[in-house]
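Here's a quick tour to read alongside the model. Keep the viewer open and follow the topics one by one.

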Amino acid sequence: MSKSFYITTPIYYVNDKPHIGHAYTTILADVIARFYRQLDYDTFFLTGLDEHGQKVQEAAINRQVEPQVHCDEMAPRFIDLWDKLHISNDDFIRTTEQRHKKVVQYFLQLVFDNGDIYKDEYTGLYSVSEERFITEKEAESENFRDIKELKEINYFFKMSKFQSQLVEYIENNENFIQPIHRRNEILGFLKQPLADLCISRPKSRLNWGIELPFDTDYVTYVWFDALINYITVTGYGKDDNLYNKWWPANYHLIGKDILTTHAVYWPTMLLSAGVPLPKTIFAHGWWLSESAKMSKSIGNVVNPLDLIEKYGVDPVRYYLMREMVLGQDANFTLDSFIKRYNSDLANDFGNLLSRISTLINKNYDGYMPEVSSLGDKEKRLKSISIELVKKFDNNMSRMSINEAIEETLQFVRNINRYFEHMAPWKLVKEDLKSAGTVLYTGAEALRICAVLLSPIMPQRIQILLSVLNTESVDRNWGGLKSGTRLGDHKPLFPRINSDNL
Ligand code: MSP
């Protein structure tokens, strides 16, 4: 049986204007999905939109359109952006689709039949912006706007019943919540008694949601609905073969602000329904701008589209992946973007390709030279490349993407040093055969780096490989063929002159 790999992003609020935070998680998932595809895993990559809830209903009322029309008009903002960012998702879920509504109702009925949903009156403090009841302590924290007291009869999910089972699960499964500090945060949170979760909204207050199958006066709380998207697409309740192939997911990628919903609500829901838990919930940090979370209200949002239009998609993907240590926050500045671009992409990587192709065009009529026997230096580069591939895979499987990239770039710098030492531009005048070996060795080492970096920069790497006139995405030494004609090219990453900005 082939190996399978299933990765998800959060489903984004359809109302939001897409920004770098959304783009980041989606690019991250895309890079990981492309990496596993390259390793021949049968890969399933899911992203989508969260379309129910109060905020959507309110926005639709303000625009004087039906909520579904509002969603349909907003959704392309995300869909188009993913297209522009070369996101290779295999499915796109919208929570207003029939297929999802059916699964949510099936799931709710199951949990209800298991005796884990009850009706109760509840008086509490309600945050309109968060769309949930909050504790008094939370109300004091000043993190919530629009708090009001609300008395309501609602349905509750017996989350408390699964508290000790969840704690035990987290303790026995080291990789379930990553990175480790997030796991500790959740274990700390679970030291306090867990409250039950209000999972309904009376239609009299909010009707933009999925109707409860056991009481049509109510719709489902938006988070309870949204989390289920991750199993909807696997064929849960409909196609057991498909479901067994993809579920449990290998990774739910999320931002740290939605950790509790994913690491507490979701697993307890699954425990009640008797569905296995996802293998890993991975929470990344935030992109900050001048150390404040990028957000619409602060007005410091970097628009990914502006950057793409100016500098291209792949440099933006590269920067986001290289600069964030997964699990920590990272600072986005235009200045650091340009520095990173110029040093890694223009100077080290792109220049190496230009050096190679210029010399081959000038001295070998544009044909990849033959290799005579490998000397010590060439053998060393070859053996470092074999080590590099192993380290790369190891870093990727530990989600140390920045390290995987940095080690690849260090190897690129090694190749450049090898050229400086061997000076093929001089050698061609004395010994065309030896110079040919140097050029082939440099080109082959560069090809391997390019193949490793292709999940991060799919488009530019495709150009590089076509310049080297190879389709080989083999990560082993020897993919390049001598005697093939090199393609013409413009600089792969033209230098950005920061004085002209
Ligand atoms: N709809 C919910 C998720 C439901 S999943 C079943 C939601 N949507 S969201 O659109 O508000 O945010 C989605 C993700 O974007 C979160 O993981 C959040 O952490 C991430 N980001 C939003 N701003 C961010 C940054 N400035 N930096 C990095 N990611 C951040 O929550």
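There are 36 aromatic pairs in this structure, a pair being two rings of Phe, Tyr or Trp (its six-membered ring) with centres within 6.5 Å. Bear in mind that this is a predicted model, where local features need pLDDT of at least 70, side-chain atom pairs count only at pLDDT 80 or more, and totals for chains, interfaces and linings use all residues. Residues are numbered from 1 along each chain as its sequence is written, and side-chain values use heavy atoms, with hydrogens and water left out.

**Aromatic rings and charges**

- One aromatic cluster is made up of Tyr24, Trp287, Tyr311, Tyr319, Phe332, Phe337, Tyr341, Phe349 and Phe493.
- Lys256 sits over the face of Trp286, 4.6 Å from the ring centre; to count, NZ of Lys or CZ of Arg has to be within 6 Å of the ring centre and within 35 degrees of the ring normal.
- Over at Tyr367, the ring has the charged end of Arg485 above it, at 5.5 Å from the centre.

**The four-strand sheet**

- This open sheet runs in the order β5-β4-β6-β8, with antiparallel pairing; strands are DSSP runs of E, at least two residues long, numbered from the N terminus, and two of them pair if DSSP finds at least two bridges between them.
- β5 (132-134) and β8 (197-198) are the edge strands with a single partner each, so one side of each has no neighbour in the sheet.
- β4 (residues 117-127) and β6 (residues 147-157) pair antiparallel over 11 bridges, and Tyr122 stands opposite Glu152 in β6.

**The three-strand sheet**

- Here the order is β9-β11-β10, again an open sheet with antiparallel pairing.
- The edges belong to β9 (200-202) and β10 (211-212); each has a single partner strand, so one side of each is left without a neighbour in the sheet.
- β10 and β11 (residues 215-220) run antiparallel and are joined by two bridges, with Leu212 opposite Asp215 in β11.

**Two helices crossing**

- Helices α13 (residues 313-323) and α16 (residues 401-422) pack at about 110°, with their axes 7 Å apart; helices are DSSP runs of H or I with at least four residues, and axes are lines fitted to C-alpha atoms over the stretch in contact, with angles from 0 to 180 degrees between N-to-C directions.
- That makes α13 roughly perpendicular to α16, a label for angles of 65 to 115 degrees.
- From α13, Tyr318, Met321 and Arg322 meet Ile401, Asn402, Ile405, Glu406 and Leu409 of α16, where contact means heavy atoms within 4.5 Å.

Technical notes. Angles under 35 degrees count as roughly parallel, over 145 as roughly antiparallel, 65 to 115 as roughly perpendicular and the rest as oblique. Rings of Phe, Tyr and Trp (its six-membered ring) pair if their centres lie within 6.5 Å; planes under 30 degrees apart count as stacked, over 60 as edge-to-face and the rest as tilted.
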